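This briefing covers a single protein chain. Its sequence and model are shown first, and the notes come after.

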Amino acid sequence: MNRIALVAGLVAGSLVLAAPAFARDVDITANGHTFAFSPNVVTLKKGVPTTLHFKATPGAPHGLAVPGIGLANTVITSAGTTVTVTPKKAGTFPANCTIVCGAGHDHMAMKFVVK
Ligand SMILES: [Cu+2]
């Protein structure tokens, strides 16, 4: 292997190592206009702390409580709130908005998948 190929290989290897398989910071938007969470599926890794940055579109607050991932009842407003969770068990944990926020409230759902 010549020197350039070796350097290119090292750089490529570094890039692979720098990209985590699971994000440890996730932005989640609660959209009160479409009554949806975005993203509506968030993958976490068992035993790995992940910081969830919640923010709502201006308007009514929303809420989430997902005991299965260690998320206590959390009020989500346009000011934003940040919670770090460390899931202890693998599985799929559905979550519905916990605060009646408008006409589409009953459809406002997402899920966390812990691997
Ligand atoms: Cu709601």
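The structure is a predicted model. Its chain contains one helix and nine strands, and in sequence order these follow the pattern α-β-β-β-β-β-β-β-β-β. The mean pLDDT of the chain is 88.

**Overall layout**

- The chain has 115 residues, of which 20% count as buried.
- Among the contacts in the chain with a separation of 6 or more, 61% are between residues 24 or more positions apart.

- Four strands make up an open sheet in the order 2-1-4-7, and the pairing is mixed.
- Strand 2 (36–38) and strand 7 (81–85) are the edge strands; each has a single partner strand, so one side of each is left without a neighbour in the sheet.
- On average, neighbouring strands of this sheet are turned by 25° against each other, direction ignored.
- Strand 1 (residues 25–31) runs parallel to strand 4, and six bridges join the two.
- Thr29 has Lys55, in strand 4, as its bridge partner.

- Another open sheet has three strands in the order 3-9-8, with mixed pairing.
- Its edges are strand 3 and strand 8 (91–96), and because each has a single partner strand, one side of each is left without a neighbour in the sheet.
- Neighbouring strands here are turned by 20° against each other on average, direction ignored.
- Strand 3 and strand 9 run parallel and are joined by four bridges; Thr43 is partnered with Val113 in strand 9.
- Strand 8 pairs with strand 9 in the antiparallel sense over six bridges; Asn96 is partnered with Ala109 in strand 9.

- The largest nonpolar core consists of 18 residues, and Ile69 and Phe112 have the most contacts inside it.
- Two or more residues of this core come from each of strand 3 (41–44), strand 4 (50–56), strand 5 (62–66) and strand 9 (109–114).
- Leaving aside residues up to four places away in sequence, Phe112 touches Val42, Leu44, Val66, Ile69, Phe93 and Ala95.
- In a regular strand, side chains alternate between the two faces of the sheet.
- In strand 9, Met110, Phe112 and Val114 form the covered face, while Ala109, Lys111 and Val113 form the uncovered one.

**Asn73**

- Where is Asn73 placed? Asn73 lies in strand 6 (residues 71–76).
- Is Asn73 buried or exposed? Asn73 has 11 other C-beta atoms within 10 Å, and because a residue counts as exposed at 12 or fewer, Asn73 is exposed.
- Asn73 touches Gly63, Ala65 and Thr98, not counting residues up to four places away in sequence.
- Gly63 is 10 residues from Asn73 along the chain, and their C-alpha atoms are separated by 6.8 Å.

**Model confidence**

- A pLDDT of 70 or more is reached by 80% of the residues.
- Over residues 5–14 pLDDT stays under 50, and the model has one contact beyond four places in sequence for this stretch.
- Where pLDDT is low, predicted coordinates should not be read in detail.

Terms used. Residues are numbered from 1 along each chain as its sequence is written. A nonpolar core is a set of buried Ala, Val, Leu, Ile, Met, Phe, Trp, Tyr and Cys residues joined through C-beta atoms within 7 Å. Two residues are in contact if their C-beta atoms, placed from the backbone, lie within 7 Å. Two strands pair if DSSP finds at least two bridges between them. Axes are lines fitted to C-alpha atoms, for helices over the stretch in contact, and angles run from 0 to 180 degrees between N-to-C directions. pLDDT is the predictor's confidence in each residue, from 0 to 100.
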